[in-house]
Amino acid sequence: MLLKEDRKVSGAVSNLLLEHYGITGEIHPLQGEVDLNFYVIADSGECYTLKISDEADFESIQFQNAMLSHVKECTMLKLPYVVRSLSGNEMETIIFDRETRLIRLLTWVPGRLFAYVKPHSAKLLTSLGIASAELSQALSGFDHEGAHRAYKWDPAQAFWVKEHLEQFPTEKEAGTIRYFYDLFEENQPLLRSLRKSVTHNDINDYNILVSEHLEKAVVEGIIDFGDAIYTYTVNELAITLAYAMMDKEDPVYAACHVISGFHSWRALTETEVEALLTLIGARLIISVTASMLNKKENPDNEYLSISEKPAWKLLYKLQNIPKSFIHYSFRSACGWNARPGKSLSPDKVSFAPVIKGLEENIYNIDLSVGSKKLGNAYNYASKERVDLRIKRILEDADHTIGYGRYGEVRPFYNSSEYQKRTDDGFLPKARALGVDFFSFESRGVMAAYDGVVHSVLRSGNEATIILSHKVEGIPFFTLYKHLSTSSIKDVVKGKAIKQGVLIAKIGSEGVHGVRLHHLHFQIIYDLLGYEMNFPATASSDEWNVWSQICPDPSPFFKWKSGATINTGKQKIIEKRDKYLGKALSVSYNDPLHIIRGYKQHLFDITGRPYLDMVNNVAHVGHEHPAVVEAGQRQIAVLNTNTRYLHEEITLFAEELLATLPSHLKVCHFVNSGSEANELALRMVQACTGSRHMIVLESGYHGNTGGCIDISSYKFDGKGGKGAPEHTHVIPAPDYFRGIYQGQSGQFQKYIAHVKDALVTITSKGGRVGGFIAESILSCAGQIVLPTGYLAEIYKLIHREGGVCIADEVQVGVGRVGEKFWGFELQGVQPDIVTIGKPLGNGHPLAAVVCTQEVADQFNNGMEYFNTFGGNPVSCSIGRAVLRVVREEKLQQNALQMGNLLLDELKALQKQYPIIGDVRGHGLFSGFELVRGLTPATKEATYLANRMKEKGILMSTDGPDNNVLKLKPPICISQQDIAFFMKQLEDVFKEDFLKA
């Protein structure tokens, strides 16, 4: 960071630079705590750091110079190296500001400071650990008398903090300092056993240099060796961690990546890992204590307190995380067993049945996120519904008792208490740390093993008991939750309990509003300081640690082990590559394994929800309960073709036509938007005898042969062979980056291309068959058609006897907000309307609606038949979709949420000029990224992938793939929009704009 220029000082420094190094150039002061530092841009183009130090630091500087000379031969890291003076010396004695000083010149190391790099990805953090270890390894064979000194910034010498404990202004601050200082004093015997070496001692976020690559950023260099000292070797990692963990929502997660990288390069000992938290805390309390003192002595020097706020924030977070959990996490990062103690062996230990009847043939209830038994998310929308669903599963299986498996990711753990905040949003803490028993009767609960009552918690109608046990010197606990309070009157802390003895009953009837009784049972090796309310679930990213604190109880009951989570993504990818067509693509650089959907969210195999901002197929919401129920109800009764009479098809046709202008009178039902447009082309030919079609540039109308022939997005794209002779492409009316830009006066220029196409057709003796266009251009980049554009074109086409098709496959059924159908925005009357994705809400259902005249001409004697089109199940689903849109007022929601989203995006556009254009109607919108008018394709791709990491699904589109399209389910809420905009703005604050 540059300080304000001081001409007098700069002039003096320039003279020194010329006198001792023969260098001329620009001088810029840099901040520092001890030395005077200057950034030098030489006239030759080379860059340097000039450092002016106190004469008393002679030995320390000699040590630093020797250290830099040593590591130069031992590492590939980018480090500063000493430039000898004209006299051949590594430093010179000078008079500066009337005092004797030392001057030296170092090479400048280019790169981005870690402090200013965003995001701190897992890969970047891992590379930081590797760089720290590489430097530590390079210094392992080096020593110097100057390294053996007293220094307040050495975590091993944190004793000086004690004398300042009473000077902190608040009890909270003082209490936190005492917590970590006491930890430091208590662990002195441990610390004294650690290996020692010379360390850099200050790998902080302002001394770490990162590569310029956006997506593959790694640590390349380390600067500023002024704090180097002989101390505990692991301090190199501890100090690196102290700064890398700052400003992280989940500092332990961040630390684990750094530790993993360090250990992969330079192996840590178990003792060193055990000491890490103590040494991290020591460095942090040194930092905040020094800041407090510096503020008193130098209140105007902000640099001296640059890390104070994030250091305090980190101290508070670490204080509130169990010390042993941090230790276990650090061990896990090294690839060791997270918990170092011995574990129980199911071969030597058998548990008594914890509830009466457990020896019966109990039923394994699949409660996992992908469970088809659990069914629609509506079934677990509340605790009462969860219980009702489990009760129904047991009844259907003809069982009275069942259990939920250990290790399952359960989707109904979705309240705030089951969420873990991370730097990329929230992760669900939804993976079961125990087994759960469900019964129609209030059965007795028995002790699994001989033990002593450790604690009892009574809360309303429910109680929890924890028993402590010891087997062959191995201590452990068992937890029993959801007990009847009235049944544990004689259970008191300290009471001895024999294995198999009745200790309680599972909850009284009506605890959750239904007649279902639930016992949660866990084994626990370490209570982590919890007396009660011990966690019953964990997030999948911490499972390796939690599963060793709370092992699977199943083997101790002689059952098969519990559930396993194996995303299996790589296996699925390999099988896709083997068995499926190579033209089939997947979304995102790191594909998602999605196994559940509900409303505006999709859920991966770990239970993480993703806000779906792109899937307009799930029009009223993924797996909307009313739509699901309609399909289930009908498929249980009848599903057949239209050669038999059934009422659903006529009811659906009647209800669909009621949403359309009165001139559209006839429905044909098909299975997809592609099939709808293919049928529409046949109708055009039947009406006009011509195949000549006028289409829009970058338009997309489906994947059948006929649809590809009229889809510029396909035939002008990769693998395409250009337009067929009967297809005539006109430019998309893109006022932002089209061939005619700016709205004023451009309308008729675009219309002129339609006239030219008509002339081309007739000049060759042909006649126009028709014109087709999406009402808002999707694959062209969410292009909103100019007002009156379609009306003018329809007039020209009709005058030549052609047929006009409105492609509503993506924009129809209330999505555009202002109107139910997109073409209504243009005030036109199409001859044919094709409808697809939204109509079936994910079910393969589409329709072609046309005028009576078109229908009559199509009825030329050739029968139209579609095996599945118009079947009762599809029609029932279509009716349900229309009903949901109407009853839940989703068209109005699309208008309100769409306007809110567009307003928020336009506000963001004012801050970030790379957002060149924001456009759309309702919940069919997008924003285009550009540099000037050059498509910012790389940035758009990065943004879509980065937002996925933050729990939001987006996608790119447009001819240059630089448009972020937004087509969420139209049930999206204001809260969802706020979450989306917060995450989007956070990404815009990251480094991708600097690419």
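A salt bridge here is a side-chain nitrogen of Lys or Arg within 4 Å of a carboxyl oxygen of Asp or Glu. Keep that in mind for the first part.

Before that, the ground rules. This is a predicted model, where local features need pLDDT of at least 70, side-chain atom pairs count only at pLDDT 80 or more, and totals for chains, interfaces and linings use all residues. Residues are numbered from 1 along each chain as its sequence is written, and side-chain values use heavy atoms, with hydrogens and water left out.

Salt bridges, then. The whole structure holds 41 of them. Take glutamate 863 and arginine 643: their side chains meet at 3.0 Å, N to O. That pair links distant parts of the chain, 220 residues apart. Glutamate 863 sits in the loop between helix 22 (852–858) and helix 23. Arginine 643 sits in the loop between helix 14 (625–635) and helix 15 (647–657). A word on those numbers: helices (H or I, at least four residues) and strands (E, at least two) are DSSP runs, numbered from the N terminus.

Are these two residues buried or exposed? Both glutamate 863 and arginine 643 are exposed. For the cut-offs, buried means under 20% relative accessible area, exposed over 50%, and partly exposed in between, with a 1.4 Å probe and protein chains only.

Now a second pair. Glutamate 648 forms a salt bridge with arginine 879, with the closest N and O atoms 3.2 Å apart. This one also links distant parts of the chain: glutamate 648 is in helix 15, arginine 879 is in helix 23, and 231 residues separate them. Glutamate 648 is buried, at 17% relative accessible area. Arginine 879 is buried too, with a value of 17%.

Arginine 931 counts as partly exposed, at 34% relative accessibility. Glutamate 939 counts as buried, at 6%. There is also a network of salt bridges, linking Asp424, Arg946, Glu949, Lys950 and Glu990.

Let me go back to helix 23. It runs over residues 872–887, 16 residues in total. From first C-alpha to last it reaches 22 Å, close to the 22 Å expected at 1.5 Å a residue. The expected span is 1.5 Å times one less than the number of residues. Why call the helix largely enclosed? Because 13 of the 16 residues of helix 23 are buried. At its start, a side-chain oxygen of asparagine 871 comes within 3.0 Å of the backbone nitrogen of valine 873. Just after the helix, lysine 889 takes a positive phi of about 55°.

Four strands form it, open, in the order 26-27-28-41, with mixed pairing. Strand 26 (594–598) and strand 41 (952–953) stand at the edges with a single partner strand each, so one side of each has no neighbour in the sheet. Two strands pair if DSSP finds at least two bridges between them. Strand 27 (residues 601–604) and strand 28 are antiparallel, over 3 bridges. Histidine 601 stands opposite leucine 611 there. The two strands form a hairpin with 4 residues between them, and glycine 607 in the turn has a positive phi of about 85°. Strand 28 (residues 609–612) pairs with strand 41 in the parallel sense, over 2 bridges. In strand 41, isoleucine 952 is the bridge partner of leucine 611.

Now some loops. Which peptide bond is cis? The one joining lysine 118 and proline 119, with omega about 0°. Proline 119 is in the loop between strand 7 (112–113) and helix 3 (122–139).

Aspartate 247 is at about 60°, in the loop between helix 6 (235–244) and helix 7 (251–265). Aspartate 247 is exposed, at 53%. Asparagine 961 is at about 50°, in the loop between strand 42 (955–957) and strand 43 (963–966). Asparagine 961 is partly exposed, at 33%.

Last, a buried tryptophan. Tryptophan 821 lies in the loop between strand 35 (803–807) and strand 36 (832–835). Its relative accessible area is 0%. Tryptophan 821 and proline 661 are 160 residues apart in sequence, yet 9.7 Å apart in space, C-alpha to C-alpha.

That is the tour.

Conventions
A polar contact is a pair of N or O atoms within 3.5 Å; within protein, one must be able to donate a hydrogen and the other to accept it, and residues adjacent in sequence count only if both atoms are side-chain atoms.
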